[in-house]
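Open the model in your viewer and keep the selection tool at hand.

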Amino acid sequence: MSPGMTRWNLVGCALALAGSASALTLEALPMYGVFYAGVSEQPCLRVKVSARAGEKLEQMCFTPGATRKGVISGAALYHSEVPFFSTRPAQVGQQAEATLLAKRSAVAGEGKMVFRFKPLSLAAGEHYFWLVYDVAPAAKGGAKVEALLVSAVDGAGRCVTPPRGKNGSCRADGRTAARPGEVYPFKYRIAPYVRPKWVCLNNKGLLTAEHLKCMTDLIVFGYTHEGTSLRGAHDAVHGQMDFSDECLQLARTLRGSGKARLLAGFSCNERNNPMAGLLYDEPARRELARHVAALVLEKGYEGIDIDWEYPRENSRYNAKLSWRKFAFFLAELREELAGTGASLSIAVTTRYDAPNQEVLDGVDFINSMSYGRPGEHSTKKAAQADVDYLVKQCRVPPVKVVLGLPFFSRDTKPKHTDQGGHGYSTIIGWFPGLPAGRNTFQHPTTGERHFFNGAELIKDKCRAFVLQQGIGGVCIWAYDTDVPLSHPKSLSKALYTIIKQAER
């Protein structure tokens, strides 16, 4: 008996019309591995339906799998023509990609969830149906979240079942067992970026076992691409990816049996590594998704973070359309990662060429790059504007918003270069007596005014945004510019006095 064949679909199939077969085919995948307590309409299962023109669908039946009673408080079934899930329009005046078919109170432990809806007439080709869950506010961190497709009923009353291994119990290959998703296990995220070359060549002491016990996610920011080939980020020196491997192994060793997750960070910089052209080429885009997922799974990372700076508005590409193509790329990457539990996140700016709603809805969390502005560069007021944009204007659940904290300075020039900023350890080297409440200095050589976030401002942001406003946590650029944790002026230590790894 197929994993999807239960008592319920055997009964349903017994009622099918004798001597006839539906032209519909079904394939289900658990596309998301991270769920948040108290957040509604989180996609649990994507069902791809292939149809001939004129075929109809009027019912789908699921079981909750490993999901225990009390974890989910509601469920709904949506339909879309695209392989990513978003219930809100990407632009003003557009319709949402996904439309609601049916809702019901979620049932876990009772064996089935049946969704009946007005017969839906399907065009020839592929259609996507999404089973989404409302996760109960009281759901415990680490609780399993799963669903399996049992059967569907077409417009003629015929029962259709998925092939073996295509009911959501397996990954995309139909053979490898899928891992159920989980409720995010921590109260908030602490997700620093580290640059492997800086850590491995300059100071491995900047990454310690104590750090790993305090953070929830470590982003090894070491990868980029040339076409569909992957290479080391930032530096074209041959063998650069070896630093990423070394940094990953160091972090894994320091973590030991701890719970901090290790994420692969991908840099896609439009200045020297154009991504837009690749996104418009569907075969190349899919190939890149395969390569990225393969690298991540082969090396044992537990998630992917993508920093695309930025889709450029020019005579060749439209920024809004480029973001839509990026939404397809994220969906293809999710398909490659389906059932692995790997998270998918992005780093964004809200100030220009901000991502559309489809992209924001398609990731597990969003790292807001709340730094690098002209002038004072990273004030608390500017951080509030970024949070408000994502939470109030884009209606991103606060728990998915992660505020970027800078461990570096910027000068006040309207267009600064990379040489216009300095890491925190350099600043402390110049000014060892710098007060914790000071957020500015005058460059000892150029005389330029620089702004940065001192220890007191770092703590103030953590209190205000994480503890008081309830956003998902903080990320740091770049963790490897701090002074050692043993140093009395360590920004990491200041941060950990307010928030650190804590189970939900």
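Select Ile306 in this predicted model. Setting aside neighbours within four places in sequence, Ile306 is in contact with Phe266, Cys268, Phe326, Phe329, Leu330, Leu333, Ser345, Ile346 and Ala347. Ile306 is also among the residues with the most contacts inside the largest nonpolar core, along with Phe326, Leu333 and Leu495. That core has 90 residues. Helix 7, residues 319-337, gives the most to the core: 9 residues. For a second, separate core of 45 residues, select Leu24, Ala51, Met113 and Val160, which are included in it.

Next, select Glu97 and Arg324. Their side chains meet in a salt bridge, 2.5 Å from N to O. The pair joins distant parts of the chain, 227 residues apart: Glu97 is in the loop between strand 5 (72-80) and strand 6 (98-104), and Arg324 is in helix 7. Arg324 is partly exposed, at 26% relative accessible area.

Now move to helix 9, residues 380-393. Its 14 residues reach 19 Å from first C-alpha to last, close to the 20 Å expected. Colour Ala382, Ala383, Asp386, Val387 and Leu390, which are buried. To see what covers the buried residues of helix 9, show helix 8 (357-361), strand 19 (365-368), strand 20 (401-406) and helix 11 (455-468), which are included in that cover.

Which residue pairs with Asp386 in a salt bridge? Select Arg373: the two side chains meet at 2.7 Å, N to O. Arg373 lies in the loop between strand 19 and helix 9, and both Arg373 and Asp386 are buried.

Finish at Arg395, after helix 9, where phi is positive, near 60 degrees.

Methods: Residues are numbered from 1 along each chain as its sequence is written. This is a predicted model: local features need pLDDT of at least 70, side-chain atom pairs count only at pLDDT 80 or more; totals for chains, interfaces and linings use all residues. Side-chain values use heavy atoms; hydrogens and water are left out. Helices (H or I, at least four residues) and strands (E, at least two) are DSSP runs, numbered from the N terminus. The expected span of a helix is 1.5 Å times one less than its number of residues. Buried means under 20% relative accessible area, exposed over 50%, partly exposed in between (1.4 Å probe, protein chains only). Contact means heavy atoms within 4.5 Å. A nonpolar core is a set of buried Ala, Val, Leu, Ile, Met, Phe, Trp, Tyr and Cys residues joined through side-chain atoms within 4.5 Å. A salt bridge is a side-chain nitrogen of Lys or Arg within 4 Å of a carboxyl oxygen of Asp or Glu.
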